[in-house]
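Please read them alongside the sequence and the coordinates.

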Amino acid sequence: MSVRSTRPGRSAGCVCVRCFDGGVTSHDEVPRVVSASREIAAGPREIFELIADPTQQARWDGNDNLAEAPAGQRIRRTGDVFLMTTTKGNVRENHVVEFDEGRRVAWTPAEPGQPPPGHLWRWELEPIDAARTRVTHTYDWTRLTDEKRFPRARATTADKLRASLDRLAALVEIPDQPPT
């Protein structure tokens with residue numbers, strides 16, 4: 001497993017505190033791009049089908065945020081929009097902004113009829129061999145503009161992304177094979 005994060009520079013509107021040693025730190029200094037990766041004992045096609053079918057997403061969501069999605073929304077290309085209902089009952093339009101069948105998909109969620117506020121969910125699949133795939137799950141909120149969403153964005157950690165990867169693996173891995 002690998003977990004990586006990046007930290008952008010401070011924004012002009014950040015809240016800063018002067019430290020006793022004279023240094024300045026920001027309350028906003030948390031990673032705005034968080035990723036987790038793991039090897040899954042399954043081919044990329046099988047894994048990608050679970051990711052690209054919104055009706056399957058609640059089964060492996062490590063944030064426990066997704067409840068359901070209407071059937072027939074399989075993601076097929078950049079520009080697709082799929083609907084998802086959250087566990088709080090909110091409907092989200094997810095705008096697909098990156099797509100490479102079996103390899104990569106990313107979307108930006110938004111309230112229905114509204115532009116996406118700037119956070120992105122990405123899945124990347126790298127075949128290792130016919131039966132193993134390295135899967136990387138990324139949450140990127142570097143362009144998030146709605147400050148009301150910042151606390152939730154900050155709470156989306158690499159551990160939560162890893163939980164999604166682990167749940168996804170549990171759905172596709174052959175039980176006889178040892179975990180990686």
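Predicted model: local features only at pLDDT ≥ 70, side-chain atom pairs only at ≥ 80, totals over all residues.

1. Of the 180 residues of the chain, 45% count as buried. Among contacts with a separation of 6 or more, residues 24 or more positions apart account for 50%.

2. The largest nonpolar core has 33 residues, of which Ile47, Ile51, Val105 and Trp123 touch the most other members. Helix α4, spanning residues 158-172, supplies the largest share of this core, namely six residues. Leaving aside residues up to four places away in sequence, Ile47 touches Ile40, Ala42, Leu125, Thr133, Val135, Leu168 and Val172.

3. The count of aromatic pairs comes to five. One of them joins Phe82 and Trp107, whose ring centres are 5.2 Å apart and whose planes stand at 80°; because an angle over 60 degrees counts as edge-to-face, the pair is assigned to that class. The pair links distant parts of the chain, since Phe82 belongs to strand β6 (residues 81-86) and Trp107 to strand β8 (residues 104-110), 25 residues apart. Phe82 is buried, with a relative accessible area of 1%, and Trp107 is buried as well, with a relative accessible area of 5%.

4. Trp121 and Tyr139 form an aromatic pair that is tilted, with 4.3 Å from centre to centre and 40° between the planes. Trp121 lies in strand β9 (residues 120-129) and Tyr139 in strand β10 (residues 132-140), so the pair ties together parts of the chain that are 18 residues apart in sequence. Both Trp121 and Tyr139 are buried.

5. A polar atom of the Glu93 side chain does, however, lie 3.3 Å from the backbone nitrogen of Gly113. Not counting residues up to four places away in sequence, Glu93 touches Val81, Phe82, Leu83, Thr108, Pro109, Ala110, Glu111, Pro112 and Gly113; Phe82, included in this list, is also a partner in the edge-to-face pair with Trp107.

Terms used. Residues numbered from 1 in each chain as written. Heavy atoms only, no water. Polar contact = N/O pair within 3.5 Å; in protein donor to acceptor, adjacent residues only side chain to side chain. Contact = heavy atoms within 4.5 Å. Core = buried A, V, L, I, M, F, W, Y, C linked by side-chain atoms within 4.5 Å. Buried < 20%, exposed > 50% of the residue type's maximum accessible area, 1.4 Å probe, protein only. Helix = DSSP H or I, 4+ residues; strand = E, 2+ residues; numbered from the N terminus. Phe/Tyr/Trp six-rings, centres within 6.5 Å; stacked < 30°, edge-to-face > 60°.
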